[in-house]
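User: I would like to learn how to read packing in a model like this one, going from contacts to a core and then to pairs of helices. Could you take me through it step by step?

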Amino acid sequence: MNEAEAGAAHAGTAQEWRRHWSVVLVGMLGMALGTVHIYSTGVFLAPLEAEFDWSRSQIMFGFTLLTFVGASLAPFVGALIDRCGPRRLALAGILMYCGFLAALSLATANLYSWWGLWMLLALGGLFTKPTMWTAAVSSLFTQGRGLALAVTLCGTGLGSALVPVLSNQLIEHVGWRSSYVALAVICLVLLFPLAYLRFTSAADDARRASSTAAGRVPQPGLGAKQAILSRRFAQLALAAFCITLAIIGLVMNLVPIMSDNGLGRDTAAAIAGAVGVTSIIGRLATGYLLDRLDGNLIGGLVVLAPIVTCLCFIYAPQSVPVALFAVVVLGLALGAELDVVAYLATRHFGLRSFGVVFGCIVSLWSVATGLGPLIASYVYDVSGSYQPALWLFMPLFVVASGLLFTMGRYPEFPPVAVAEPA
């Protein structure tokens, strides 16, 4: 890129941010909203266990049900996003999610009531998944898409930092039932007015400015069937599955791994807390690089980083400085993972069917998120150590890296002509 092209790209990026920064802000808050049930569940375990005498696995099975519902229906929600645009679906999703989150306070001693409420929450959660927010941001940003997606996806780090603390304070002061209601009200008040006033997408903007009969504004890119049946989709989806299975398996078992290596539980928990901060740093840095370098190269390199974490835990198990270094590296990679896959999906398949394409990838993500921690725990139950799981995860990172490295050049999609309204 010569100096003139670089200057034009910089000017284009600045203009995109001036016009659409508020959409990125709403997307970031929407991503944080979608993590409330994830990062609050661990805090609610003890009071639920005390009141109903349920086992922790019985309580957590509600989350498992939510995961499977999300995995099975995410592609269909993606198709709705492609057809209707994300704005109306997101507004309905915020209302549904907050309503069903508050409804968790209605659980009775009947365990099936608890599981049923989580099934309802799963339906609301379908419309607050990353596909919703990334579809809107991707449609409005071209030159600065990498950084815009990174800032949007930082909402997960925001949720991981704030939700556990807020949930714990609420439970201590008003009890677990009122805490679910309070969390829902806080989320609704903070997000819905902003989303109503400022959340939009290219399709939503064009729909309001025109009167096309179909009400759908075409975007450049591949059709859903053509994209999903392509070699590139198979590579990206498999890479996302391998990355998520291994990296979530590590993240969810960080404290047990370090405790098993001989570190005190308090020390292990303090070190594990570095993941939240470093994931935000990794996400922003990766987004900045994606706008300037080849995304396949960035993704392939970033995916290899957690191998360093595994080797540190294997060969220096009792060293606190080494453990901290390992967790920092893992956090940087965790922050980059979602950003890389979402960005590459927009570049290799375009935006025409982004909702369906990315929705299918999110389905695999959901399955991998459920399997990774389970596999690591099962390996420990069988062998009495997490080291076999660490050895198992490393080849998955290598496979994912190779798949991303060989994705090929970004295709160029011709602009789609839109008929003038009558």
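Analyst: Let us begin with the term contact, which means heavy atoms within 4.5 Å. Please keep in mind throughout that this is a predicted model.

User: With that cut-off, which residues does Phe358 touch, not counting residues up to four places away in sequence?

Analyst: Phe358 touches Pro130, Thr131, Thr134, Leu338, Val341, Ala342, Ala345 and Trp365, once residues up to four places away in sequence are left out. Phe358 is also, together with Trp114 and Met258, one of the residues that touch the most other members of the largest nonpolar core, a set of 127 residues. Helix H16, residues 320–349, gives the most to this core, contributing 14 residues.

User: Is Leu334 buried or exposed?

Analyst: Buried means under 20% relative accessible area, and Leu334 counts as buried because its relative accessibility is 14%. Leu334 has its place in helix H16, and, residues up to four places away in sequence not being counted, Leu334 touches Ile247, Ile248, Val251, Val275, Ser279 and Arg283.

User: How should I describe two packed helices, and at what angle do H6 and H7 pack?

Analyst: Two packed helices are described by the angle between their axes and the distance between the axes. Here helix H6 (residues 130–140) packs with helix H7 (residues 145–153) at an angle of about 155°, their axes being 10 Å apart. Angles over 145 degrees count as roughly antiparallel, and therefore H6 is roughly antiparallel to H7. On the H6 side the contact is made by Trp133, Thr134, Val137 and Ser138, and on the H7 side by Arg145, Ala148, Leu149, Thr152 and Leu153; by class, these residues divide into five nonpolar, three polar and one charged.

User: How does H7 pack with H16?

Analyst: The angle between H7 and H16 is about 140°, with their axes 10 Å apart, which makes H7 oblique to H16. H7 passes H16 in a right-handed crossing, and Arg145, Gly146, Leu149, Ala150 and Leu153 in H7 meet Leu338, Asp339, Ala342, Tyr343, Thr346 and Arg347 in H16. That contact has six nonpolar, two polar and three charged residues.

User: Why is H7 said to be largely enclosed by the rest of the structure?

Analyst: The reason is burial: seven of the nine residues of H7 are buried, so H7 is largely enclosed by the rest of the structure. The buried residues of H7 are Arg145, Gly146, Ala148, Leu149, Ala150, Thr152 and Leu153.

Note on methods
Residues are numbered from 1 along each chain as its sequence is written. This is a predicted model: local features need pLDDT of at least 70, side-chain atom pairs count only at pLDDT 80 or more; totals for chains, interfaces and linings use all residues. Side-chain values use heavy atoms; hydrogens and water are left out. A nonpolar core is a set of buried Ala, Val, Leu, Ile, Met, Phe, Trp, Tyr and Cys residues joined through side-chain atoms within 4.5 Å. Buried means under 20% relative accessible area, exposed over 50%, partly exposed in between (1.4 Å probe, protein chains only). Helices (H or I, at least four residues) and strands (E, at least two) are DSSP runs, numbered from the N terminus. Axes are lines fitted to C-alpha atoms, for helices over the stretch in contact, and angles run from 0 to 180 degrees between N-to-C directions. Angles under 35 degrees count as roughly parallel, over 145 as roughly antiparallel, 65 to 115 as roughly perpendicular and the rest as oblique. Ala, Val, Leu, Ile, Met, Phe, Trp, Tyr, Cys and Pro count as nonpolar, Asp, Glu, Lys and Arg as charged, and the others, Gly among them, as polar. A crossing is left-handed if the near helix is turned anticlockwise from the far one by less than a right angle, and right-handed if clockwise.
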